[in-house]
Amino acid sequence: MPSQPSKRRSTSQELRFASSHEDASSLFETEDSSKEANAIEDDEFERTAIRCFRYYIFFLMVAATITAGVVTWHLLNQGEEDDFQNEFGVIADDIRLLSNKRVSELVADSDALAQTITSLAINSKSSWPFFTDLSFPLIVS
């Protein structure tokens, strides 16, 4: 029987050694798993950072496109308004000059007609309501 207690002792020692060995190996496994977990977390962080950077670049490009479009539209619209105002001024000046020319010609023609009638009236020694132009049938035909 004495051999049994030694077997028990050796078995308990083996159990202690095994449990301490398991603790040590589990400690190493824990360190390895924590390193793996940290690596996975770092990898996930990098993926998230890259994704956020891509979103940032995308929104930056969209904002730049919108800004360029708005600035271009504003400048072209302002240029178009300036062109319209300049062209309107040129056309208005042309209309004013043509109108003044026509009115001046009409006044000159009326003055010439009045002088002609007056000179014919003076030559024929007639007064205003009774004056007739002797060359009227020739002018009409």
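A residue counts as buried under 20% relative accessible area, as exposed over 50%, and as partly exposed in between. In this predicted model, Phe58 has a relative accessible area of 48% and is therefore partly exposed. Phe59 has a relative accessible area of 54%, so Phe59 is exposed. Ile66 is also classed as exposed, because its relative accessibility is 51%.

The chain contains 2 helices and 0 strands. Helix H1 spans residues 3-124. Ile66 lies in this helix. Of the 141 residues in the chain, 1% are buried. The accessible surface of the chain amounts to about 13000 Å². Carbon and sulfur atoms account for 64% of that surface.

A nonpolar patch was identified on the surface. Its members are Tyr55, Phe58, Phe59, Val62, Ile66 and Val70. Together they present about 620 Å² of accessible area. The patch thus includes the partly exposed Phe58.

Aromatic contacts were then examined. The count comes to 2 aromatic pairs. In one of them, the ring centres of Phe58 and Phe59 are 5.4 Å apart, and the ring planes meet at 65°, so the pair is edge-to-face. The cut-offs behind this assignment are centres within 6.5 Å for pairing and planes over 60 degrees apart for edge-to-face.

How values were computed
Residues are numbered from 1 along each chain as its sequence is written. This is a predicted model: local features need pLDDT of at least 70, side-chain atom pairs count only at pLDDT 80 or more; totals for chains, interfaces and linings use all residues. Side-chain values use heavy atoms; hydrogens and water are left out. Patches are made of residues with over 30% relative accessible area and no salt bridge: like charges are joined within 9 Å, nonpolar side chains (Val, Leu, Ile, Met, Phe, Trp, Tyr) within 5 Å. Accessible areas come from the Shrake-Rupley method with a 1.4 Å probe; for residues, only the protein chains shown count as cover. A salt bridge is a side-chain nitrogen of Lys or Arg within 4 Å of a carboxyl oxygen of Asp or Glu. Helices (H or I, at least four residues) and strands (E, at least two) are DSSP runs, numbered from the N terminus. Buried means under 20% relative accessible area, exposed over 50%, partly exposed in between (1.4 Å probe, protein chains only). Rings of Phe, Tyr and Trp (its six-membered ring) pair if their centres lie within 6.5 Å; planes under 30 degrees apart count as stacked, over 60 as edge-to-face and the rest as tilted.
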